[in-house]
Amino acid sequence: ALAMFAADASHELRTPITAICNELEVALRRPRSPEDWSRSAQTSLDELRRLARVMDSLLRFAQADAAHSASTDDVELASLVDEVTAMHASAARAAGVELTARCDTDVHVHGNADMLSTAISNLVANAIRYTPRGGTITATVELGDGAAHVHVDDTGRGLAPGELEAIFTPFARGAQAKTADTNGLGLGLPIARKITERHGGTIAANNRLTGGARFSIRLPLPRPTQRSSP
């Protein structure tokens, strides 16, 4: 598994580096106009930005994997989800989808707010990537079965049977992502899973009966003796 991960990571890093080298090698073969150099510089800059995204995602994955346990700060999930959806509001508008949060329930868990925010953010970003224009994405928080649940529902194509587990494998990508999107690196969902597991929880993906997919994070509730006084 480690060898496969290393091979996939190497491929993700090598692709933009190769593209930059090829672009510059071609540019240096003959005299070029300022406009040609400008185009080459833009192409190289785009590939460098992709490389930076890959490296940032790999770092986040390594951090989530290395964390032996999460901190025990009190985290109120409704406000956390509100913050995450607000952060993605601009991206949702650009993608032509409606993003809303319905978090009326006061649910507290123990953990690291930044890490949990990253996990939820990755679910929302994934939903935006796979929901067609005119669709909707809804993030909710609820209590049930003695646990806290964060759901991200979308009206996209849903998931094929073989994808339900495979999508949580590093560098896996759904086959129906928006063709204009090139930011999906296949690490967002694995990072969300690592973070959730470090908090003693589980993450799952299912198809909704009304269409689209539901991604759910299940987190344990604090024991009564652990809850801090208001």
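Is Cys21 buried, partly exposed or exposed? I looked this up and found that Cys21 is partly exposed, because its relative accessible area is 38%; the class lies between buried (under 20%) and exposed (over 50%), judged with a 1.4 Å probe on protein chains only.

I noted that the model is predicted, that local features need pLDDT of at least 70 and side-chain atom pairs pLDDT 80 or more, and that totals for chains, interfaces and linings use all residues. Residues are numbered from 1 along each chain as its sequence is written, and side-chain values use heavy atoms, without hydrogens and water.

I checked Cys103 next; Cys103 counts as buried because its relative accessibility is 12%. I then searched the whole structure for disulfides and found 0, taking a disulfide as a pair of cysteine sulfur atoms within 2.5 Å.

Val150. I located Val150 in strand E5, residues 147-154; strands are DSSP runs of at least two residues (E) and helices of at least four (H or I), numbered from the N terminus. Val150 is buried, since its relative accessibility is 2%. I listed its contacts (heavy atoms within 4.5 Å): beyond four places in sequence, they include Leu77, Ile120 and Phe215.

Core. I examined the largest nonpolar core, which has 41 residues; such a core is a set of buried Ala, Val, Leu, Ile, Met, Phe, Trp, Tyr and Cys residues joined through side-chain atoms within 4.5 Å. Leu77, Leu123, Phe215 and Ile217 touch the most other members. Helix H5 (113-130) is among the elements that each supply at least two residues, and H5 gives the largest share, 8 residues.
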